[in-house]
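Let's go through a structure together, one feature at a time. Have the picture open while you read.

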Amino acid sequence: GGGGGGGGGSRKPKVARSGGGGAVRKQWTVEEEERFLKALARFAPNDTDADDGNRLGPGVAQLISLVVGTRSVVQVRSHAQKHFIRKAREATHESAAVQRHA
């Protein structure tokens, strides 16, 4: 475990960011994605076949955030939403492909 912290004394504003929110958006690394998927399977096993993005139960995003270690709860929720949407889209394409080849 571990991580966390932030720091510092003087509160001089750093570079002003346009837009309101939170951390800088950067791609999830392979390691982050693997930890995310393992945590998702562990803490939300019934949610992996959800058809929309908002199926993380209460507290699940916090748990996944702790497992990933480098992402906030908000980032985890956003990533989960995209993950579920992508899975639903892939499932739709797969079933369409199966019907075409049948």
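Q: Is Pro45 buried, partly exposed or exposed?
A: Buried means under 20% relative accessible area, exposed over 50%, and partly exposed in between, with a 1.4 Å probe and protein chains only. Pro45 has 47% relative accessibility, so Pro45 counts as partly exposed. You'll find Pro45 in the loop between H1 and H2. From Pro45 to Leu56, 11 residues apart along the chain, the C-alpha separation is 10.0 Å.

Q: What kind of model is this, and how are its residues numbered?
A: This is a predicted model, where local features need pLDDT of at least 70, side-chain atom pairs count only at pLDDT 80 or more, and totals for chains, interfaces and linings use all residues. Residues are numbered from 1 along each chain as its sequence is written, and side-chain values use heavy atoms, with hydrogens and water left out.

Q: What is the average pLDDT of the protein?
A: Think of pLDDT as the predictor's confidence in each residue, from 0 to 100. Here the protein averages 78, and 67% of the residues score at least 70.

Q: Where does pLDDT stay under 50?
A: As a rule, where pLDDT is low, the predicted coordinates should not be read in detail. One such stretch is residues 16–20, with pLDDT under 50 and two contacts beyond four places in sequence; a contact means heavy atoms within 4.5 Å. Residues 48–53 are also below 50, and that stretch has nine contacts in the model beyond near neighbours in sequence.

Q: How many helices and strands are there?
A: Helices (H or I, at least four residues) and strands (E, at least two) are DSSP runs, numbered from the N terminus. The protein has three helices and zero strands, so to speak an α-α-α run from the N terminus on.

Q: What span should the 29 residues of H3 have?
A: The expected span of a helix is 1.5 Å times one less than its number of residues. For H3 that gives 42 Å, and the end C-alpha atoms are 42 Å apart, which agrees.

Q: Which residues of H3 are buried?
A: An α-helix has 3.6 residues a turn, so residues three or four places apart point the same way. In H3 the buried residues are Gln75, Val76, His79, Ala80, His83 and Phe84. Their cover includes helix H1 (30–43) and H2. Across the protein, buried residues make up 23% of the 102 residues.

Q: What does His79 touch?
A: Leaving out residues up to four places away in sequence, His79 touches Trp28, Glu33 and Phe36. His79 counts as buried because its relative accessibility is 10%.

Q: What does the side chain of Gln75 reach?
A: A polar contact is a pair of N or O atoms within 3.5 Å; within protein, one must be able to donate a hydrogen and the other to accept it, and residues adjacent in sequence count only if both atoms are side-chain atoms. The Gln75 side chain reaches the backbone nitrogen of Ser72 at 2.8 Å. Gln75 is buried too, at 17% relative accessibility.

Q: How many aromatic pairs does a search of the whole structure find?
A: Rings of Phe, Tyr and Trp (its six-membered ring) pair if their centres lie within 6.5 Å; planes under 30 degrees apart count as stacked, over 60 as edge-to-face and the rest as tilted. The search finds one pair. The rings of Trp28 and Phe36 have centres 5.6 Å apart and planes at 75°, so the pair is edge-to-face. Trp28 is buried at 16% relative accessible area, and Phe36 is buried at 0%.
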